[in-house]
Amino acid sequence: MNRIIRWFAMTMIIIWVVAPFIPLWLWSFSLRWRFPNLLPEVWSPRAWLYLLKPSSGVLDATIDSLVIAVVVTVVSVAIAIPAGRALGLYRFRGKRFMEFLILAPTIIPGLASVFGVHGLFLRYHLANSLVGVILVHLISSVTYATMVMWGVFSNYNPEFEEQGRVLGANPIRNFRYVTWPAIFPGIVVAALFSFLLSWYQYLLTLIIGGGKVQTLAMLLFNFARSGDRPVAGALSIIFMIPALIVLFVTSRYLTGENAAVSGLGGGR
Amino acid sequence: MTHLVLNELSQTYSNTDKPALDRLNLDIKSGMLNALLGPSGCGKTTAMKMIAGILTPTSGDILFDGKSVLAIPAERRGAVMVFQNYLLFPYMSVGENVGFGLKMARMNKATIEKKVLEMLELVQLPGVQNRKPSQLSGGQQQRIALARALIVEPKVLLLDEPLSNLDAHLRDEMRELIRDIQRKMGITTVFVTHDQEEAVMLADKIALIFEGVLQQYDEPDVFYNQPGSLRAAKFFGGVNFLDGEYAANQMTTELGTFSAPRSSLDTGPGVLSIRPEDIEFGTTNDGDNTISARVNSHVYVGTYTKYKIDVNDFRFEVIAEANTKESFPDGSNVTIRFPADKIWILPKG
Ligand SMILES: Nc1ncnc2c1ncn2[C@@H]1O[C@H](COP(=O)(O)OP(=O)(O)O)[C@@H](O)[C@H]1O
Ligand SMILES: [Mg+2]
């Protein structure tokens, strides 16, 4: 009985994950596919061959997307660890204000804040640059990464660090051997969120990048708008691959024993 | 072997004005085990954390062998604290936990492994090195925490309520283990507890602390025979107290005048105290320090009988050994005697 349930669940999950891909694959290999038909009328590898050509800009956009997402992820996590720690562990003057500040970007539409900073970016020559794009991506990534680490540290017993110290660990080794392993699952989740938020970001990149910064998301949007569905389908698949890899690699930290929130919970 | 001295050690936490620990003075001779005893919240853990170096004193000094250690950070101070809730690192094996301190000291792997096995032997848990801490019982975790501290051969060992999370029979075992190892290794040890019996059984000297203030620092028997205050006497199980005026070795009370050569004060208002097992029963009303009384009730507790005795509006507890004393039915008239050499006069209040 248990087995049947497990197989059923697995099947459902596979359908859930794979099904949306089927039309994309079909589109990517079609030359003509009109409405009532269940399958493309004319098959062709045209879209794929086109995208693999250097002139398509796919490689450059992938590199740009990766560079931006990786930098955003590293910076977000580096900020989220001390920020989450302060919010989760300590009481201090102005904490409520800090909490509000951290949460604000989840309520205020990204668009609104971007219009706010656009002028500033123009003045400091950050608009239309990679750095500018990274900075706007950070607004939401830092927020979500901090929220994750905040949760981790709310459930964290800092006495473990005191124990490490008295046993002879200096602050650096103490972080390396005591704190890091305890918060690592949380860091993976925070990094995953940061990466995906940046990877799938379109609108903010368009406004601040001013078309000069071409990420995969921008490229995809252009093709989708131009009506070339086969190319858009193929590009969608390419677009999702890195995200799927990241998700797959990190999935064991999202559930079960290794779940991010387990931390050093309570100590007992 | 380290001679540990605390000199006016104080801690006032930043969000409070009343000190959690107020000018604590202790002098723990090399290789001795002293207990910090007091009710929950009196500042025991605070004192330990300052000795360990993970909490900076507000004022005062800590000396190891005559030298201040305040400038030495926790990781190099050599005072290892075993926390009340063990704090075994959950993502490490038991062996890795025990070897942690040596790894931090950059000792080589083979030596660490060898020493870990020795330590597990010492705490009587051989063969558990590959388990996870969560697979051990509370008592076993406590031993591992002790092994993890001992392996670095600390100058000072700080044990924060090591027995309070264990059930009764484990507690006896663990207490003996601690005492044996501490004697064998000769480590200067501070032992925290809120249980006076535990302190008495383990410690060479006891520091009794109430609300951050040291009340009395003495050998265990002194707390029974010559407590320094009414509160100290009550904390150590004292129940019989009688107010009066003390002068010239005489205590004058509502129940008469008692001769009482042993006193913590010269003269003035005081409190007569006597332990339940020191009060003598009788039926004849002659002799000094003897008063008429009436048995209110009694309970038989196997090796002794515990009586509640009324004298006017006062009630005393008397413990009579079962085999030596005849029994006195409830309501019967008796006399009780306070032997002069058993009375101890306390300062009032
Ligand atoms: N980090 C802290 N900040 C503020 N007050 C504290 C802190 N730690 C302990 N206290 C207070 O100091 C007093 C002594 O605490 P503690 O040393 O833990 O007592 P004990 O170990 O004897 O139970 C208590 O009143 C406690 O509430
Ligand atoms: Mg405590």
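# Close-up views of a predicted two-chain model

Over all chains, the count comes to 21 salt bridges by the rule applied here, and the structure in which they are found is a predicted model. The legends below take up several of these pairs, together with the surfaces where parts of the model meet.

**View 1. A salt bridge inside chain A joins A:Glu161 and A:Arg85.** The closest N and O atoms of A:Glu161 and A:Arg85 are 2.7 Å apart. Because A:Glu161 lies in helix H8 of chain A and A:Arg85 in helix H4 of chain A, the pair ties together parts that are 76 residues apart in sequence. Are the two partners buried or exposed? A:Glu161 counts as buried, because its relative accessibility is 13%, and A:Arg85 also counts as buried, at 17% relative accessibility.

**View 2. The loop residue A:Ser56 lies between helix H3 (46–52) and helix H4 (58–89) of chain A.** With 7% relative accessibility, A:Ser56 counts as buried. A polar atom of the side chain of A:Ser56 lies 2.7 Å from the backbone oxygen of A:Lys53, and a polar atom of that side chain lies 3.4 Å from the backbone nitrogen of A:Val58. When neighbours within four places in sequence are left aside, the residues in contact with A:Ser56 are A:Tyr50, A:Leu51 and A:Leu219.

View 3. The size of an interface is often given as the accessible area lost when the parts come together. Between domain 1 of chain A and domain 2 of chain A the buried area is about 680 Å², and carbon and sulfur atoms give 86% of this area. On the side of domain 1 of chain A, the residues that lose the most area to domain 2 of chain A are A:Phe21, A:Leu24 and A:Trp27, which together account for 67% of what that side buries.

**View 4. Chain A and chain B are in contact through 22 residues from chain A and 29 residues from chain B.** The area buried between chain A and chain B is about 2,300 Å², of which 59% comes from carbon and sulfur atoms. How many salt bridges are counted between chain A and chain B? The count between chain A and chain B is 3 salt bridges, and the rule also finds 8 residue pairs in polar contact across this interface, with both residues at pLDDT 80 or more. Helix H8 (159–166) and helix H9 (171–199) of chain A each supply at least two residues of the side of chain A that touches chain B, and the largest share of that side, 7 residues, comes from H8(A). The residues of the side of chain A that touches chain B divide into 10 nonpolar, 6 polar and 6 charged.

**View 5. Charged side chains of chain A and chain B pair, among them A:Arg165 and B:Glu75.** Side chains of opposite charge can pair when their charged atoms come close. In the salt bridge between B:Glu75 and A:Arg165, the closest N and O atoms are 2.6 Å apart. A network of salt bridges links A:Glu159, A:Glu162 and B:Lys49.

**View 6. Within chain B, B:Arg175 and B:Asp172 form a salt bridge.** The side chains of B:Arg175 and B:Asp172 meet at 3.1 Å, N to O. B:Arg175 and B:Asp172 are separated by about one helical turn, because they are 3 residues apart in helix H6 (residues 168–185) of chain B. B:Arg175 is buried, with a relative accessible area of 12%, whereas B:Asp172 is partly exposed, with a relative accessible area of 38%.

Notes
Residues are numbered from 1 along each chain as its sequence is written. Chains are lettered from A and ligands numbered from 1 in the order in which they are written. This is a predicted model: local features need pLDDT of at least 70, side-chain atom pairs count only at pLDDT 80 or more; totals for chains, interfaces and linings use all residues. Side-chain values use heavy atoms; hydrogens and water are left out. Buried area is the accessible area (1.4 Å probe) that two parts lose on being put together, summed over both. Contact means heavy atoms within 4.5 Å. A salt bridge is a side-chain nitrogen of Lys or Arg within 4 Å of a carboxyl oxygen of Asp or Glu. A polar contact is a pair of N or O atoms within 3.5 Å; within protein, one must be able to donate a hydrogen and the other to accept it, and residues adjacent in sequence count only if both atoms are side-chain atoms. Helices (H or I, at least four residues) and strands (E, at least two) are DSSP runs, numbered from the N terminus. Ala, Val, Leu, Ile, Met, Phe, Trp, Tyr, Cys and Pro count as nonpolar, Asp, Glu, Lys and Arg as charged, and the others, Gly among them, as polar. Buried means under 20% relative accessible area, exposed over 50%, partly exposed in between (1.4 Å probe, protein chains only).
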